[in-house]
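Welcome, and let's take a walk through this structure together. Please have a look at the sequence and the model before reading on.

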Amino acid sequence: MEREQTARKDGVLHVRPRYFRLYTDPGVELAEENFRYRELDWAIPLQRAALISLDVWDFHFARDTLERIEEITVGRIAPLVEACRTAGLQVIHAPAGPVAQKQANWVKLIPEEGKPQPVWPGSPDWPPAEFRRKQGSYAEYARPDEPQDAERNRHREEKRDFHPAVRPVGDEAVVLDGEELHRLCHRRGILFLFYVGFNTNACIVMRDYGTFAMHARGYEAILVRDRTTGMETHETVGELTCTRGQIATLEQFGIYTVTAGHLGEALAERESLK
């Protein structure tokens, strides 16, 4: 305990990240019914960590998803972001385009002419561009058009913005993509990324600045599991099965989770020891 108290005074965040152990103790059968959660005990240098506010917008096209997002953003994410600011845990906003480019705080770390090469040198140009776009001789494989697509695209280009409860303040950084987040982390010495935002089974895992992509780059990605929600179906929305399943998948395959209460306590403890 003495070591822990001293570390916190020196600018350390004490957290207990959870993961799902796909192993068993000696003598216990390797079977899904015997797999359990495990928590670790970490003391993270505060300057090596950041809270990533991922795609926390003022929009969602589905009424019930938007209702959950609104409740989580206003009632849960906004207070956590404020606690991070108070305790000195830097906040980074990753809202995708075109929201990022409209912000004065966009870091603009990659000149347009200096975009990194998307594939390894000499990698073949495959699949063909027409196949990727489902055009020409591959048009029959395209997903059918939806009448609402035009409105969604118009909203993304013209109206989408940060949720008003979680907008950047001061000099908080805004990043456009994963390469930009990576370069910002290198510049600031960040190694640990705490994620809040939406949607759990979409942007949280699919964005190139999301959990899996940044984990693949070597960072420790930690989802604040009660500050997110996924996109459900008519079969799953009652129990939020898609959300819960995606969190379980993250915890099985290299990503850690914490609760906001736990993170908030760690921030408050550090603040009280200043």
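Is Tyr 256 buried or exposed? At 15% relative accessibility, Tyr 256 counts as buried, because buried stands for under 20% relative accessible area, exposed for over 50% and partly exposed for what lies in between, using a 1.4 Å probe and protein chains only. Before going further, please note that this is a predicted model, in which local features need pLDDT of at least 70 and side-chain atom pairs count only at pLDDT 80 or more, while totals for chains, interfaces and linings use all residues. Residues are numbered from 1 along each chain as its sequence is written, and side-chain values use heavy atoms, with hydrogens and water left out.

Let's turn to the aromatic rings. Rings of Phe, Tyr and Trp (its six-membered ring) pair if their centres lie within 6.5 Å; planes under 30 degrees apart are called stacked, those over 60 edge-to-face and the rest tilted. The count by this rule is five aromatic pairs. In one of them, the ring centres of Tyr 19 and Tyr 256 are 5.8 Å apart and the planes stand at 85°, so this pair is edge-to-face. It links distant parts of the chain, since Tyr 19 belongs to strand 2 (residues 18–21) and Tyr 256 to strand 10 (residues 256–258), 237 residues apart. Helices (H or I, at least four residues) and strands (E, at least two) are DSSP runs, numbered from the N terminus.

Another edge-to-face pair is formed by Trp 42 and Phe 192, with ring centres 5.7 Å apart and planes at 65°. Trp 42 lies in strand 4 (residues 42–45) and Phe 192 in strand 8 (residues 192–198), so the pair ties together parts that are 150 residues apart in sequence. Trp 42 is buried, at a relative accessible area of 17%, and Phe 192 is buried too, at 16%. Ring pairs join Tyr 19, Trp 42, Phe 192 and Tyr 256 into a cluster.

Next comes the largest pocket. On a 1 Å grid over the protein atoms alone, a pocket is an open set of points with protein on both sides within 12 Å along at least five of seven lines, where a 1.4 Å probe fits, and lining residues have an atom within 4 Å of a point. Its volume is about 470 Å³, meaning the space filled by probe spheres set on the points, with grid points joined across faces, edges and corners. Which residues lie nearest its centre? Of the 19 lining residues, these are Trp 57, Phe 61, Arg 152, Arg 156 and Arg 160. Helix 4 (149–158) and helix 6 (203–206) are the elements that give two or more residues to the lining, and the largest share, four residues, comes from helix 4.

A charge sits over a ring if NZ of Lys or CZ of Arg is within 6 Å of the ring centre and within 35 degrees of the ring normal. Arg 152 lies over the face of Phe 61, at 3.6 Å from the ring centre, and Arg 160 over the face of Trp 57, at 4.2 Å.

Finally, look at the backbone. The peptide bond from Trp 126 to Pro 127 is cis, with omega near 0°, and Pro 127 is found in the loop between strand 6 (90–94) and helix 3 (129–133). Ala 96 lies in the loop between strand 6 and helix 3, and has a positive phi of about 65° although it is not a glycine.
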